[in-house]
Amino acid sequence: MKSKSGKYITFLPDNRIVLVSQKDQSVLDIAVRESLPLNHTCGGFGTCGTCRIFVREGLENLPPRNEVEMEMAGDRGFADYERLACQTEPIDGLVCEIPPKA
Ligand code: FES
C-alpha cells in the first residue's frame with residue numbers, strides 16, 4: 001500500500017498540489033520550479049513585494065513573519081493572510097493563492 005509521504009502545498013487558483021522537496025526553502029522556490037506565474041523581481045530578498053501570496057489554509061501553522069517580511073508588511077499594510085512567498089516556509093498542508101496580476 002502506498003502511503004502519503006512528504007510535504008505538499010497547494011497553489012490556487014489552479015488547485016495545483018505540489019510535493020515540497022528538501023531543497024525548497026520557501027514557497028517561492030516551489031513556484032519558480034513549477035513555473036507558476038508568481039513574480040519575484042528582487043530574486044527572493046524580500047524587498048520588492050511582487051511575490052505576494054494569499055494564504056488560504058495553514059496560516060495558523062506558519063512561523064511568524066521574519067524581520068524582512070515584517071518591515072514590508074508594515075509599510076504596505078498587508079493583512080495577516082498576505083505573505084511574501086520568498087519569506088514563507090513551505091509547510092505541509094499550506095494552501096496559497098497567487099493573486100491576479102495588478
Ligand atoms: S521576491 Fe521580492 S519580495 Fe519576494
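Strand β1 (residues 7-12) and β5 run parallel and are joined by three bridges. Here helices (H or I, at least four residues) and strands (E, at least two) are DSSP runs, numbered from the N terminus, and two strands pair if DSSP finds at least two bridges between them. Opposite T10 stands V95 in β5. This is a predicted model: local features need pLDDT of at least 70 and side-chain atom pairs count only at pLDDT 80 or more, while totals for chains, interfaces and linings use all residues. Residues are numbered from 1 along each chain as its sequence is written, and side-chain values use heavy atoms, with hydrogens and water left out.

V95 also stands opposite E57. The strands behind that pair, β3 and β5 (residues 95-97), are antiparallel over three bridges. Strand β3 (residues 52-57) pairs in the antiparallel sense with strand β4 (residues 82-84) as well, again over three bridges. In β4, L84 is the bridge partner of R52. Strands of a sheet pair through backbone hydrogen bonds, either parallel or antiparallel.

Taken together, five strands form an open sheet with mixed pairing, in the order β2-β1-β5-β3-β4. Its edge strands are β2 (16-20) and β4, each of which pairs on one side only. From one strand to the next the twist averages 40°, where axes are lines fitted to C-alpha atoms (for helices over the stretch in contact) and angles run from 0 to 180 degrees between N-to-C directions.

Along the sequence, the pattern is β-β-α-β-α-β-β, from two helices and five strands. The protein is as compact as a globular protein of its length, because its radius of gyration is 13 Å, close to the 13 Å that the globule rule gives for 102 residues. That radius is taken over C-alpha atoms, and the rule is 2.2 Å times the number of residues to the power 0.38. Along the principal axes, the C-alpha atoms fill a box of roughly 50 × 25 × 25 Å. Contacts (heavy atoms within 4.5 Å) can also be sorted by sequence separation: of those with a separation of 6 or more, 58% are between residues 24 or more positions apart.

Of the 102 residues, 41% count as buried; buried means under 20% relative accessible area, exposed over 50%, and partly exposed in between (1.4 Å probe, protein chains only). A nonpolar core is a set of buried Ala, Val, Leu, Ile, Met, Phe, Trp, Tyr and Cys residues joined through side-chain atoms within 4.5 Å. The largest one has 24 residues, and F11, V27 and L38 touch the most other members. Two or more residues of this core come from each of β1, β2, α1 (27-33), β3 and α2. The largest share, four residues, is given by α1. Leaving aside neighbours within four places in sequence, L38 is in contact with L28, A31, T50, C51, R52, I53, A85 and I98.

Where does R65 lie? R65 is in the loop between β3 and α2 (67-76). With a relative accessible area of 16%, R65 is buried. Its side chain makes a polar contact with the side chain of E69 (3.4 Å); such a contact is a pair of N or O atoms within 3.5 Å, and within protein one must be able to donate a hydrogen and the other to accept it, with residues adjacent in sequence counting only if both atoms are side-chain atoms. The R65 side chain also reaches the backbone oxygen of A79 at 3.1 Å. Not counting residues up to four places away in sequence, R65 touches M70, A73, F78, A79, D80, E82 and R83.
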